Amino acid sequence: MSGGHYGMDPRFKMNTNEMRSISQMPNTRPLSSLNQTRPTTALIRTIRVGTTGSSLSRRASARPTTPALDNIKNKMPANVHLQFDYIITLTKSMPLNEAIENGLSSIFNAEFCCFWFFDPINKKFYSPTKNLTIDSNTSILSQAFEKNELLNISKPVASPFYDKFVDSEFLPTLYIPITRPDKEIVALIQLARHVSHKFTPIDVNNIQQFMLKFTNYSHFLFDDNFDSSSNDIALSKSKTIIPVIIEQLEKHFKCRSVELWVNDDEDSYAKYDIASNTYISAQPGIVKRGFESGSISLNFRNITGARGYFKEIDGEKAESILIVPYKIGDLPCVICLRGKNYYSNSADSNSPNNSANYFTYADEIQITHLTPLIVKCIVSENGNAPENSLASRLKALLEVAEILSGVLDIDVLVPTIMERACSLLHTQRCSLFLVDSKRTKLRTTFQSGLDKAISIPINQGIAGHSATTGNIVNVEDAYTDPRFNQNVDSKTGFKTKTILSVPIFNNRGEIVGVTEMINREDGEKFDDEDIQMMKAFNIFCGISLDNARLYQASIDLTRQLHGFADMANQLNSQNNTIRNILEGIIQNAKGVVSGTRATIFMKNEADNNLFNYLTIGERITHGMVFSNIVMKNKTHRIFSPQEIALLTMSPGSNEDFNSDDLHGQPLDKNYTTSSGLARIANTLNISSDSNVSTADINFMRNPIDMPETICCFPLIKVDQTFMGVLEISCKRRIIPEDIKLLDCFAAFASVSLEKSELQSIATLGRAEVELKKFISQTERTQVGIIPAKLKIARTESLYKIDFDAAQWEGIGYFRVLWAIFDTFKLFREFKIANQTFFKFLDAISNTYNKVPYHNWRHAVDVTQFVTYQVKITKLDLKLTKFELFALLISAICHDANHDGFTNVFNEKAETPLGILFKNQSVMETHHCTITINVISKEENNIFESLDTSKLKEIWNLIINLILTTDMARHHTFLTDTNQLLEKGPLDMKLPEHRFVTMQLLLKCADISNVSRPFELADKWCDVLCEEFFRQGDLEKTSGMEYTSPLNDREHLDKPKSQIGFYTFVCLPLYQCAAKALPPLQVNVEQVEANLAVWKAETEKKK
């Protein structure tokens, strides 16, 4: 097998099945000379593939740029149903394999994704992206194929089935089989992540949901399921229809040419020639690949870069080409479309990279489903006049598609549809019934013989039956059908005999209308050919109705934007309260989705819980169950009826709910968000089954009986701080357009709330605004009494090694520090009022930057670890209150205003700080400067009770303690301290020995993540690595050498780097601390245990 590793460029690799040489054939040959001995078979299904010229899908930053993928990661919703719809939407602008590869890569943050089509005829897998064909018993793919189950392989190279040309070596990879409902495999997907990010059970659950979606839509994506009743193309006596078909296809698909090819013998090919009205032997060029694929259609954006291209045969022009193979009987045939938008007048129309100049997946779908009609035209005319034939009706159908696509006014569109439908099926009358917005009635704005529109209940009549069941109804005698309403005939004097009723679907999968064809002109009943034609016709009707409604929606959106402007003016008005403004916003948001309730839940800063700030409409029935999930994940969620039932089935079942768990639940398949393409493909399928899915029927019910859907959108500040949730309850299906619009309202509510807060800050000052949230007027001046909203009920967990700072985000950090100072009675000792301590914490916390590691969370974490060490060593009985005060303040302030860059970088890059504090502890000196600036302000002065001598003493302690954290002094400090300890135990009566103890505590706390339980240590390691990578990225872009190998994002070996850090930096420090303070030996043991885990990780890689 010839192929390339996934890291190589697959475009220059060739399959082992090389192109056979082109046979020299006679110039012309009559059609009747083609092989006629093969029996008739069904048309072979086509599997859509994309260009072989595409590079392998990798991370979003490395994948080729396509218009459909711009900013896709920013738009990607969390719901699997919507994510699947995004992938289907991508097929409108790219081939299927690229859409799936790019979509899944973005959703799962994959290193690469490769889609393999399965060819059941040749028992092979084919990857258009890799340009590679392999046997089905090759590589790890074969195991997924044989077992027909999802495989999660963490290290592919260790598998006995590993193949270096197909499988990655070390990247964790999912092998995902895609099946039909009968479990027959039609494709396999390889999805691989970076070696450090294995697939979790949640990822696997989500992939299983995608597998289910692919299976449910396999009839659309992979099957055609239509039959041809033709005998042989040679039986056609009326070849004049072929030029008509070719002309109409060229016009409909806006392509340069349409070619019809047949392959009689192994190396004998013939192309239909319009001039001679016969098939002429010809060299096929790239078309030969269509015959070789058997059941795989080919879609190339640029023919000149595709394997099998011959300049002498296919021409020099760089253009797109779509090759669709099919069979008539057992005779291989191909339809070839060349040069999409060849006649475009745009300036860049000749560029194959222009998205308008290549064939989309939608084009593949349409040509594939038009094929049976085309074939029937060719083989079944038997000399009939074209104007009375199926060919003329196909021609009319394509003309209808072009005409309807240009009509956006629904008042013009409806009569146009009716006129064309009558002409297409040659009927006496026709009606178009549209479902009203409340889904309770069918209305028609055009009805031959009536002076005005009529309206009927949605569950009555033959049209009502189609509207509520999704069934096509073919009535041979209307007056014998009990569903037929004779009143219309009575009013008009018209005699209805036969009726063909066909539903129309919108892009939500809902039935939006019914076309009702009445009385064929020849008096015959409607046949299967009429049904097939009408189903195809209704596809174009549905597309046109959607387009017209989208056009109207754009007009409505313009009005809504004017409404936004009005709301903005209200916001700027001094006479409007924030509550009145928000009431107007959510009233409009509720109206957009015909909601029953709209609520704004706000976050209570005191306890981090939500409370009902404002509600319009019905009462709240589920509390804050759904908004709490959104508050946790800080991303919008649309909760389906099944998810609502799951989350509300038992009281208190949601306390520890993980929203990702929903994706692992077998939710009702009926609740899906169908894309327009999926709906079109389902309806175009020319099979005998005319029923729609239960989902379509479920959503035809009266809105009163429809299940509830809940939409939740987080309210976020510009700095990404969470404020609350906009929650809307409605009884309709939510589509992406609804989500975008609701997101606009949520954004406007966020802006309104933030502006209101900023106005308060401008008036009172930010610290004062925050203080008023948590401290009452009475509590402001109290000393030694913790404010009620800042108390922690149980403080035992604060003094343990497994303290997780991340769980105390926000005001929780203030609570932790308040509890620590209170436990040592420091408030009373130093007469610190509540308002002073709060403003100090508020000021110092705001000096910390939003960097990955050296941030406010780290400061609180270090302070907690100092407290933990003091507690287990009982140093609070040996250190003075004054020393303890200085130690804790040093811990709080030790990294104030850290920019996330090391001292070495600041000096080497000659940053302002590097220049100012050159040849000294750059960042530590800066931290001291910031600390002095904060505490020196009167409102933050926690040292107010100290006299001049004590003030000098405490600043001396704090400054020297913070300077001790400079890692450049680390080894000198350890050497001096170990030498001191060799002389004997520290004498805690000596101030200098107590100071060494304080230094040890602060230095151990500064790198305390290594002595936490491994789960926490690993999390802290990740954020520290990210900060190193951030510096490394800047060094790289600045042309600097890495100041540390830890800064190299692309080549860091995480376990190996930790082994070195633990061995040479951490362990010696912790051993020294344990020697000075024996109770700290427990920390040494934890560091050693973590080190053992890192070593084990390294061994696994060998």
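**Strands, a sheet and a helix pair**

Trainee: Which residue in β4 is the bridge partner of Asp-119?

Mentor: The bridge partner of Asp-119 is Lys-124 in β4. Please keep in mind that this is a predicted model.

Trainee: How many bridges join β3 to β4?

Mentor: Three bridges link β3 to strand β4 (residues 124–127), and the two strands run antiparallel. They form a hairpin with four residues between them. In the turn, Lys-123 has a positive phi of about 55 degrees.

Trainee: What other strand is joined to β3?

Mentor: Strand β8 (residues 185–192) is joined to β3 by six bridges, again in an antiparallel arrangement. Within that pairing, Phe-115 has Ile-189 of β8 as its bridge partner.

Trainee: How many residues of β3 are buried?

Mentor: Eight of the eight residues in β3 (residues 112–119) are buried, and the strand is described as mostly covered.

Trainee: Which residues of β3 point one way, and which the other way?

Mentor: Phe-112, Cys-114, Trp-116 and Phe-118 point one way, while Cys-113, Phe-115, Phe-117 and Asp-119 point the other way. All of these residues are buried. In general, the side chains of a regular strand alternate between the two faces of the sheet.

Trainee: Changing topic, in what order do the strands of the six-stranded open sheet lie?

Mentor: The order is β17-β16-β15-β20-β19-β18, with antiparallel pairing. At the edges are β17 (454–457) and β18 (473–475), each of which pairs on one side only. From one strand to the next, the twist averages 20 degrees.

Trainee: And how many bridges join β16 to β17?

Mentor: Four bridges connect β16 (residues 441–444) with β17, and these strands run antiparallel. As one example, Leu-442 has Ile-456 in β17 as its bridge partner.

Trainee: Which helix packs on that sheet?

Mentor: Helix α13 (residues 461–469) does, touching β15 (427–435), β16, β18, β19 (499–505) and β20 (511–520). The direction of α13 makes about 140 degrees with that of β20.

Trainee: One more topic: at what angle do the axes of α25 and α27 cross?

Mentor: The axes of α25 (residues 834–845) and α27 (residues 881–893) cross at roughly 35 degrees and come within 10 Å.

Trainee: Which residues meet there?

Mentor: Phe-840, Leu-841 and Ile-844 of α25 meet Ile-889, Ile-892 and Cys-893 of α27.

Terms used:
Residues numbered from 1 in each chain as written. Predicted model: local features only at pLDDT ≥ 70, side-chain atom pairs only at ≥ 80, totals over all residues. Heavy atoms only, no water. Pairing = 2+ DSSP bridges. Axes fitted to C-alpha atoms, helices over the stretch in contact; angles between N-to-C directions. Contact = heavy atoms within 4.5 Å. Buried < 20%, exposed > 50% of the residue type's maximum accessible area, 1.4 Å probe, protein only.
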